Amino acid sequence: RRQGNTITIVGTGWVTPTGYPRAFVLNVAHGGSGYMLNLNDPQLTWPVNYAPLTAAEAINDAGWIAGNCTSSGRGFVLVPQTVLPQ
């Protein structure tokens, strides 16, 4: 997904000691600076009792990320939320 001068890529990587891959999002700005985030990070997703998000398959223009949890056979959709300052 391209938004302004930033390209966002989703995928699968970061094999853990348990042997399971993890879903990630990578944002790269023009000029090469950017960051990669593990979508299982409890600061990014609602920490509920679920199987790990193992594969991010697609991202739309609104930033919604779709993927699956290989160990559970279930899919997921992550919807960006606005966090208001406290």
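User: In which strand is threonine 8 found?

Analyst: The model discussed here is predicted. Within it, threonine 8 belongs to the run of residues 6-13. That run is strand S2.

User: Is threonine 8 buried or exposed?

Analyst: Buried means under 20% relative accessible area. Threonine 8 has 7% relative accessibility, and therefore it counts as buried.

User: With which side chain does the side chain of threonine 8 make a polar contact?

Analyst: Threonine 8 stands opposite a residue of S3, namely asparagine 27. The side chains of these two residues also make a polar contact, at 2.5 Å. The partner of threonine 8 in this contact is asparagine 27.

User: What is the relative accessible area of asparagine 27?

Analyst: Asparagine 27 is found in strand S3, residues 22-29. Because its relative accessible area lies under the 20% cut-off, asparagine 27 is classed as buried, the value being 12%.

User: How far apart are the C-alpha atoms of asparagine 27 and valine 10?

Analyst: Along the chain, asparagine 27 and valine 10 are 17 residues apart.

User: Over how many bridges do S2 and S3 pair?

Analyst: Isoleucine 7 stands opposite valine 28 in S3, and threonine 8 stands opposite asparagine 27. The two strands pair in the antiparallel sense, and the number of bridges is eight.

User: Which strands are the edge strands of the open sheet that has four strands?

Analyst: The order in this open sheet is S1-S2-S3-S4, with antiparallel pairing. An edge strand pairs on one side only, and this applies to strand S1 (2-3) and strand S4 (34-38). The edge strands are thus named as S1 and S4.

User: Which residue of S4 stands opposite phenylalanine 24?

Analyst: S3 and S4 pair in the antiparallel sense over five bridges. Across this pairing, the residue of S4 opposite phenylalanine 24 is asparagine 38.

User: Which residue takes a positive phi in the hairpin of S3 and S4?

Analyst: The hairpin has four residues between the strands. A positive phi near 105° is taken there by glycine 31.

User: What is the average twist from one strand to the next in the open sheet of three strands?

Analyst: This open sheet has the order S5-S6-S7, with antiparallel pairing. Its edge strands are S5 and strand S7 (74-78), each of which pairs on one side only. From one strand to the next, the twist averages 25°.

User: What is the bridge partner of alanine 66 in S7?

Analyst: S6 and S7 pair in the antiparallel sense over five bridges. In S7, the bridge partner of alanine 66 is valine 77.

User: What is the area of the nonpolar surface patch made by Trp64, Val77 and Val79?

Analyst: Tryptophan 64 lies in the loop between strand S5 (55-59) and strand S6 (65-69). Patch residues need over 30% relative accessible area. Tryptophan 64 has 41% relative accessibility, so it counts as partly exposed. Together with Val77 and Val79, Trp64 makes a nonpolar surface patch of about 270 Å².

User: How many helices and strands does the secondary structure of the protein chain come to?

Analyst: Read along the sequence, the chain follows the pattern β-β-β-β-β-β-β. The secondary structure therefore comes to the following, with helices and strands taken as DSSP runs: zero helices and seven strands.

Note on methods
Residues numbered from 1 in each chain as written. Predicted model: local features only at pLDDT ≥ 70, side-chain atom pairs only at ≥ 80, totals over all residues. Heavy atoms only, no water. Patch = residues over 30% accessible without salt bridge, like charges linked within 9 Å, V, L, I, M, F, W, Y side chains within 5 Å. Areas by Shrake-Rupley, 256 points an atom, 1.4 Å probe, with all protein chains shown as cover. Salt bridge = Lys/Arg side-chain N within 4 Å of Asp/Glu carboxyl O. Buried < 20%, exposed > 50% of the residue type's maximum accessible area, 1.4 Å probe, protein only. Pairing = 2+ DSSP bridges. Axes fitted to C-alpha atoms, helices over the stretch in contact; angles between N-to-C directions. Polar contact = N/O pair within 3.5 Å; in protein donor to acceptor, adjacent residues only side chain to side chain.
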